[in-house]
Amino acid sequence: MKEIEIPLLETQAITMRFGGVTAVNSLSIEVYPGEIVALIGPNGAGKTTAFNMITGVYTPTEGRIMFEGRDITGKRPDQITSLGIARTFQNIRLFKKLSVLENILIACHLRIKSNFFSASVRMPRYRKEEKVMREKADYLIEEFGLSRYKDEIASSLPYGL
C-alpha cells in the first residue's frame, strides 16, 4: 500500500487583519519535502506578513498553519524555531566584529539544552554540546564553501559571502 505524503508545511486559508486592513486574505499553500517554493508579489502584497504568520511573529486572524502534520497556529516564534522552521531577513544581521565561525556558532546555540550557568562554568554537558556545535559549524562552513573565510571578521567580507 502506498503511503500518503503529507505536506511539510501547509497553510489553510490564513488571513491577517490589522484593524480594517486585510494584509493577507485566505492564503492556502502546501509545500512538500524536497520542493523549493517561492512567494512573489509587489511591495505591499503581504509576503512578509505571510512569513510572520508562519514563523509565529503574528497569529493569523483566521485559518491554520500546519508543520509536519501538527498545528502550529499561534505558537511562539521560539517554539516554531525549535520545530525546524526559521526565517532569514533581507537585511543581513551579523555580528560584524565576530568571525564567520563565531557567527555560525551563535546560531547553533539555538539548539543547545544547557542553561546559562552550565555554559558559564563549562560543565561536562555544555562541553559536549559545544563540541557538537563546532563540528556542525565546521560542516556548514565547508558545505557553503567558506573554509578560507572561517576566521575572517564578518564585516570584512563581500556582501554576497
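User: Is D138 buried, partly exposed or exposed?

Analyst: D138 counts as partly exposed, at 36% relative accessibility. Buried means under 20% relative accessible area, exposed over 50%, and partly exposed in between, with a 1.4 Å probe and protein chains only. The model is predicted: local features need pLDDT of at least 70, side-chain atom pairs count only at pLDDT 80 or more, and totals for chains, interfaces and linings use all residues. Residues are numbered from 1 along each chain as its sequence is written, and side-chain values use heavy atoms, with hydrogens and water left out.

User: Which side chain does D138 meet in a salt bridge?

Analyst: D138 meets K150, at 3.0 Å from N to O. Because D138 lies in helix 5 and K150 in the segment after helix 5, the pair ties together parts that are 12 residues apart in sequence. K150 is partly exposed, with a relative accessible area of 25%. A salt bridge here is a side-chain nitrogen of Lys or Arg within 4 Å of a carboxyl oxygen of Asp or Glu. Helices (H or I, at least four residues) and strands (E, at least two) are DSSP runs, numbered from the N terminus.

User: How many salt bridges does the structure hold?

Analyst: It holds 7. Among them, E68 pairs with R70 at 3.5 Å, N to O, and R76 pairs with D78 at 3.0 Å, N to O. E68 is partly exposed at 41% relative accessibility, and R70 is partly exposed at 41%. R76 is partly exposed at 48%, and D78 at 46%.

User: Changing topic, which residues of helix 3 are buried?

Analyst: V100, L101, N103, I104, L105 and C108 are buried in helix 3. Their cover includes helix 5, where contact means heavy atoms within 4.5 Å.

User: And the surface: which residues form the nonpolar patch?

Analyst: F117, V121 and M123 form it, with about 290 Å² of accessible area together. Patches are made of residues with over 30% relative accessible area and no salt bridge; like charges are joined within 9 Å, and nonpolar side chains (Val, Leu, Ile, Met, Phe, Trp, Tyr) within 5 Å. Areas come from the Shrake-Rupley method with a 1.4 Å probe, and for residues only the protein chains shown count as cover.

User: Where is M123?

Analyst: M123 is in the loop between helix 4 and helix 5 (124-143), and M123 is partly exposed, with a relative accessible area of 37%.

User: Which residues gather in the patch of positive charge?

Analyst: R111, K113, R125 and K136 gather there, on the surface. Lys and Arg count as positive and Asp and Glu as negative, while His and the chain ends are not counted. The place of a charge is NZ of Lys, CZ of Arg, CG of Asp or CD of Glu. R111 itself is in the loop between helix 3 (100-108) and helix 4 (116-120).
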